Amino acid sequence: MKIAMINGSPKSGKNNSAQLLRSLEPLLGKEHELFHYHINRLPLTEPDYASLCQMDVLVLAFPLYVDAIPSHLLRMLTELESYMKAERTKEVMLYAIVNNGFFEGVQNRIAISVLQNWCVRAGVRFGQAIGQGAGEMLESVEKVPHGRGPMKNLHGALETLAANLQSRKPGDTILLSPKFPRIAWKIAGTVGWNSMAKKNGLTKKELRKMP
């Protein structure tokens with residue numbers, strides 16, 4: 001099976017979407033062909049769009065932006081919709097992994113609905129989506145063994161998605177918050193923001209200034 005792993009993060013360097021795709025890859029059988037795309041690095045070309053129409057599965061990972069899909073990724077999907085309508089010769093399925101900076105994974109539900117609507121327009125079959133909250137925690141737990149730590153429920157969700165993907169079956173949307181006290185997450189986030197501000201020459205007071 002030909003699987004496109006599409007990183008929809010606007011960041012060109014290290015990013016959570018890439019990490020999520022890396023976590024999914026070992027759960028997919030070696031018999032599959034994986035093709036990697038990062039929307040931010042270079043604009044997709046006509047051959048890229050044509051090749052996506054020949055995939056069996058699209059796996060799209062991206063961060064939440066204003067409760068929806070980042071604009072550069074939405075632009076790509078708009079272009080891909082035209083190609084899918086004109087060049088697709090077989091059923092293509094889409095699975096998605098969305099992460100957001102809020103604690104609650106349910107915050108991703110609107111962006112996932114947008115993807116479902118896009119699938120209807122483009123003639124693509126929607127498979128399943130994971131919506132992960134507290135995405136900025138992913139980097140700090142990257143070396144924690146799968147199935148442990150505050151993101152232990154994420155690994156189980158990825159296993160479910162991988163199984164459905166390989167069987168080309170749909171599944172229910174999975175919305176996750178970390179196994180971590182919300183108040184502790186909030187404190188840790190505040191400390192992190194203050195530390196970053198200090199490194200960039202800003203004070204706490206300046207962070208709170210109204211424009």
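This is a predicted model: local features need pLDDT of at least 70, side-chain atom pairs count only at pLDDT 80 or more; totals for chains, interfaces and linings use all residues.

Entry 1: I began with helix H1 (residues 16–24) and helix H5 (residues 152–167), whose axes come within 10 Å and cross at roughly 65 degrees. I noted that this crossing of H1 and H5 is right-handed. Which residues make the contact? From H1 I listed Leu20, Ser23 and Leu24, and from H5 Leu154, Leu158, Leu161 and Ala162. Sorted by class, the contact of H1 with H5 has six nonpolar residues, one polar and no charged ones.

**Entry 2: the whole chain.** Next I stepped back and counted seven helices and six strands in the protein chain. Read from the N terminus, the elements go β-α-β-α-β-α-β-α-β-α-β-α-α. The protein chain has 211 residues, and 44% of them count as buried. I also looked at contacts between residues at least 6 apart in sequence, and 80% of these join residues at least 24 apart.

**Entry 3: the sheet.** In what order do the six strands lie? I read S2-S1-S3-S4-S5-S6, an open sheet with parallel pairing. S2 and strand S6 (174–176) are the edge strands, each pairing on one side only. On average, neighbouring strands of this sheet are turned by 15 degrees against each other, direction ignored. A reminder to myself: strands of a sheet pair through backbone hydrogen bonds, either parallel or antiparallel.

**Entry 4: strand S1 and its partners.** I then followed strand S1 (residues 2–7), which runs parallel to strand S2 (residues 33–38) and is joined to S2 by six bridges. As one example, I found Asn7 bridged to His38 in S2.

Entry 5: Which strands does helix H4 (residues 109–122) lie across? I wrote down S3, strand S4 (93–99), strand S5 (125–132) and S6. H4 runs at about 170 degrees to S5.

Methods: Residues are numbered from 1 along each chain as its sequence is written. Side-chain values use heavy atoms; hydrogens and water are left out. Axes are lines fitted to C-alpha atoms, for helices over the stretch in contact, and angles run from 0 to 180 degrees between N-to-C directions. Helices (H or I, at least four residues) and strands (E, at least two) are DSSP runs, numbered from the N terminus. A crossing is left-handed if the near helix is turned anticlockwise from the far one by less than a right angle, and right-handed if clockwise. Contact means heavy atoms within 4.5 Å. Ala, Val, Leu, Ile, Met, Phe, Trp, Tyr, Cys and Pro count as nonpolar, Asp, Glu, Lys and Arg as charged, and the others, Gly among them, as polar. Two strands pair if DSSP finds at least two bridges between them. Buried means under 20% relative accessible area, exposed over 50%, partly exposed in between (1.4 Å probe, protein chains only).
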